[in-house]
Amino acid sequence: MSSAHEAPLSRRAERSPFFRWARTYPLQIGIVMVAVVIWVLFLIGSPRTFLSGDIYVSFMTTTPYFALIAIPLTLVVITGEIDLSFPSVMAFGMTAFDVIFTWTGSYWLGFLACLVAGLLAGYLNGVLVVRVGVPSLVATIGTQFLWRGVVMVITNGQGLGMTALEPTGLHAVLVGKLAGFFPMQFVWTILVALVMWFFLNRHRFGAHVYLTGDNIESARLMGVNVGLTKTLTFAVAGLLSAFAGFVVSVGLLFFWPTMGDGYLLNTLASVFLGGTSVFGGTGTIFGTVVASFIIGAINAGIVAAGLTSFWTQLIYGLIIVLSVSIQTLLAKRLT
Amino acid sequence: MSNVLTLKNVSKTFGEVAALHNVNFHVGDNEIVGLLGDNGAGKSTLVKIITGYHQPNPGGELFWKNERVERLTVPKARDLGIEVVFQERALADKQSLWRNIFMGRELSDRLGLLDVAKMRSETRRLMNTAMGFTSSAVTAESTVKTFSGGERQGVAITRALYFQAELVILDEPTMGLSLSETRKCLEFVEGIKKAGKAAIFIDHNIFHVYPVVDRIVVLDRGTIAGQFMKNELSLQELIDRLYVVAQTGHLESKN
Ligand SMILES: Nc1ncnc2c1ncn2[C@@H]1O[C@H](COP(=O)(O)OP(=O)(O)O)[C@@H](O)[C@H]1O
Ligand SMILES: [Mg+2]
């Protein structure tokens, strides 16, 4: 009798294409299932709201503000590090814009200054972690306070009205509407996600991001430049934090020097809910993007339910604690 | 006879610890060198200098095919044709088999774009040939976490052989392997010899080392205690002399 006949059902199931597919993308499938469940709950709870297009336009408007940071932060976390400085880097980039715009009158130059400031702030995180050897948790809490302080000193705590930018092309490109419907910040988020996905999955840099976070010693022995890899992920996170800060400010037509603090929780929650491991080595851009929209929807749900924003904190905190706990338990079970 | 690799006056200190002291060492063309020595003798440190992972102390020189190499790095060493099966295996547990095979040497173009399809298909080919995986549960996408010790070693060895290295270094490759896996591993070393390439073979078990090597070098507390061609010495004589090394730190060599 051939062994194929004797193979138990589970063995044959393992060979089916669907099983392979499910085994290859468990995180992605999991997060989509979570999204669908939450969506159905919202549909049942508030069918009027969730059957109209408005709520989705609203998601696409506000979720990008932190999804734009959660995406590059995913890469930092995959390398086994963390960046907690991004809320201040958002404001620091805008302060650079403020200074240059006020000085030259050119918002394009101001925008460029904002991006450069973010890139440098991210690079500094990389230097502190890679060259100096400070644990990233501590280093980026330090730079979070440092940049907030710099912002406060330079702006003297004063905000900046941005209405002058409303009629400009930059406004239209960053926060206008595509085809009269899709908020441009959503389009940018998808673009950033695609570019990051490409680098993470189809470029040597991304391969090194995974290897560095999985086993840094193995990666070093096999010739991966782990220091450069980490520095680059920090720099990109800084750059996109500043970009997100600009998008928020130009979207709301105002820059508050305290900007960013409100994004710490939902950004981190998006990364960890999206399945990126706190231990490094695994994580996906897809997971982070879907999780960002789940987090955005939960926020809308809390508001729709008439709860105060204190609830938002509680729920995001809970999501972070639960996601990392589940990850830890799964990691223990598998080793 | 010309050499693929020559080390002159190589020392290495880690803080207070002198792991290597004035080591002169070479590997000839198509030569299999057995490197013996107690735990802590400095064998792995020597390997990591040859592979560019550690820099030797100032004054130490490294020659590849009789040309001086300055500031060797791991990527540079791999480009020269040096591949290592590390004592610690150097795998990434949560990554797929194909990512482990091509770790640090991903198939990519000049812009760094990966040829993922090629890496997957090459891995599948190697699974059926070099690694000898027969279970259908293992695919190129499987993570290496669940692999047995022998399978992990198979991955590390396959990786070292894949790039057609001129010099393959195996650092205690039979550690933790079953008898049949050990035999397969020794066959790999013989295969290197037949393919006209060179190798450094490190193993505690002289019964493993003796049959497959051309020359034996004994390292003791960071210095070369002695060396001799295999045909100068029977296995029993070698064992006797290793006792002497353990006591005196010197090996009487016939030259
Ligand atoms: N990275 C390191 N830092 C400090 N000491 C080291 C390091 N690597 C090796 N050593 C020390 O150098 C000596 C030689 O170690 P090693 O080369 O691993 O020996 P072997 O491989 O022959 O067992 C040991 O005393 C070891 O503790
Ligand atoms: Mg060793």
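A:His203 sits in the loop between helix H12 (184–202) and helix H13 (204–214) of chain A. The model is predicted.

Q: Why is A:His203 called buried?
A: Buried means under 20% relative accessible area. A:His203 has 13% relative accessibility, so A:His203 counts as buried.

Q: What is A:His203 in contact with, leaving aside its neighbours within four places in sequence?
A: Contact means heavy atoms within 4.5 Å. By that test A:His203 is in contact with A:Phe198, B:Leu111, B:Gly112, B:Leu113 and B:Leu114.

Q: How far is A:His203 from A:Ile141, in sequence and in space?
A: The two are 62 residues apart in sequence, and their C-alpha atoms are 30 Å apart in space.

Q: What makes A:Thr231 buried?
A: The cut-off for buried is under 20%. A:Thr231 has 13% relative accessibility and therefore counts as buried. This residue is in helix H15 (residues 226–252) of chain A. Not counting residues up to four places away in sequence, A:Thr231 touches A:Tyr123, A:Gly126 and A:Val130.

Q: Why is helix H16 (residues 264–273) of chain A described as largely enclosed by the rest of the structure?
A: Seven of its 10 residues are buried, so the description applies. The buried residues of H16(A) are A:Asn266, A:Thr267, A:Leu268, A:Ala269, A:Ser270, A:Val271 and A:Phe272. After H16(A) comes A:Gly275, with a positive phi near 95°.

Q: How do you know that B:Ser44 and B:Gln87 coordinate the magnesium ion (ligand 2)?
A: Donors are N, O and S atoms within 2.8 Å of the metal. The OG atom of B:Ser44 and the OE1 atom of B:Gln87 are at 2.0 to 2.1 Å, so both meet the cut-off. The pair links distant parts of the chain, 43 residues apart. B:Ser44 belongs to helix H1 (residues 43–50) of chain B, and B:Gln87 to the loop between strand S6 (82–85) and helix H3 (97–101) of chain B.

Q: How are helix H9 (residues 107–132) and helix H10 (residues 136–155) of chain A packed?
A: Their axes come within 9 Å and cross at roughly 145°. The crossing of H9(A) and H10(A) is right-handed. The residues in this contact divide into seven nonpolar, four polar and no charged.

Q: Which residues of H9(A) and H10(A) meet?
A: From H9(A) come A:Ala121, A:Leu124, A:Asn125, A:Leu128 and A:Val129. From H10(A) come A:Ser136, A:Ala139, A:Thr140, A:Thr143, A:Leu146 and A:Trp147.

Q: At what angle do helix H7 (residues 64–78) and helix H17 (residues 285–304) of chain A pack?
A: The angle is about 145°, with the axes 9 Å apart. H7(A) passes H17(A) in a right-handed crossing. Residues in the contact include A:Phe66 and A:Ile71 of H7(A), and A:Val289 and A:Ile295 of H17(A). The contact divides into eight nonpolar, four polar and no charged residues.

Q: Into which domains is chain B divided?
A: Chain B has domain 1 (3–94 + 149–248) and domain 2 (95–142). Their C-alpha centres lie 26 Å apart. In contact are 17 residues of domain 1 and 16 residues of domain 2 of chain B.

Methods:
Residues numbered from 1 in each chain as written. Chains lettered and ligands numbered in written order. Predicted model: local features only at pLDDT ≥ 70, side-chain atom pairs only at ≥ 80, totals over all residues. Heavy atoms only, no water. Donors = N, O, S within 2.8 Å, 3.2 Å for Na, K, Ca; no water. Helix = DSSP H or I, 4+ residues; strand = E, 2+ residues; numbered from the N terminus. Axes fitted to C-alpha atoms, helices over the stretch in contact; angles between N-to-C directions. Left-handed = near helix turned anticlockwise from the far one by under 90°. Nonpolar A, V, L, I, M, F, W, Y, C, P; charged D, E, K, R; others polar. Domains from an automatic or database assignment. Buried < 20%, exposed > 50% of the residue type's maximum accessible area, 1.4 Å probe, protein only.
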